[in-house]
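Dear colleague,

Please find below the structure that I am handing over to you.

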Amino acid sequence: MKSSTIGRTVKQSARSCNGTHLIEMGPTMWLVFIIFFFPLMVFGTMGMRYIFLLNAARLAANSGAQCQTFLADVSSTNTSSTTTASAIAQSATSGFKGVTLTQGGYYIVTTPLAGGTVTRQSTPLSKAADPTNYAYNFEVVLQGQLQPLVPQVSGWWIQIPGLNEPVSTQARSDVFFENTQGLTQ
């Protein structure tokens, strides 16, 4: 008789342990979500939105480097590097609601081929380009805001960039000018 009583006690304790594990799984999954999954989702969202801003800078630099002039529009169809790059950057960021373009900077970067000081200017060159001694790049610097994962809710007393407050950042890209003769315009 004693052996059947001991066997029944072991079976009853095994059943109660199974229920305990099931009850503890709820808070454990909640902690896993809050500690691991949610922060990864926030970082992933911010990373994806930054890639969209960086891609807008790359597209603007590629398009602007192919223009014939730097600042002066030749015609309504033959626009300058800065006008083209600005339009491309606006178009690329307006298609995605998570990125807001706040400012764009467009520069001529002059690099001496023999080494020396690199110059960066937002105005046309004062004298004709010298491609035998210098390399000329078109640089686009876009400043923007990456919208938060959770929109700002009134009444929140804590503000966390990326979670409920926008993140301000910048992206830059540069490409060799294809037509260096028009850099004085």
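The largest pocket holds about 200 Å³ of space. A pocket is, on a 1 Å grid over the protein atoms alone, an open set of points where a 1.4 Å probe fits, with protein on both sides within 12 Å along at least five of seven lines; lining residues have an atom within 4 Å of a point. The volume is the space filled by probe spheres set on the points, which are joined across faces, edges and corners.

This is a predicted model, in which local features need pLDDT of at least 70 and side-chain atom pairs count only at pLDDT 80 or more, while totals for chains, interfaces and linings use all residues. Residues are numbered from 1 along each chain as its sequence is written, and side-chain values use heavy atoms, leaving out hydrogens and water.

The lining of the largest pocket includes Thr110, Gln121, Asp130 and Tyr134. At least two lining residues come from each of β1 (99–112), β2 (119–121) and β3 (134–146); strands are DSSP runs (E, at least two residues), as helices are (H or I, at least four), numbered from the N terminus.

Thr82 lies in helix α2 (residues 81–94). Thr82 counts as buried because its relative accessible area is 12%, where buried means under 20%, exposed over 50% and partly exposed in between (1.4 Å probe, protein chains only). Beyond its neighbours within four places in sequence, Thr82 is in contact (heavy atoms within 4.5 Å) with Phe70, Leu71, Tyr106 and Phe138.

Met41, in helix α1 (residues 2–64), is partly exposed, with a relative accessible area of 31%.

Yours sincerely
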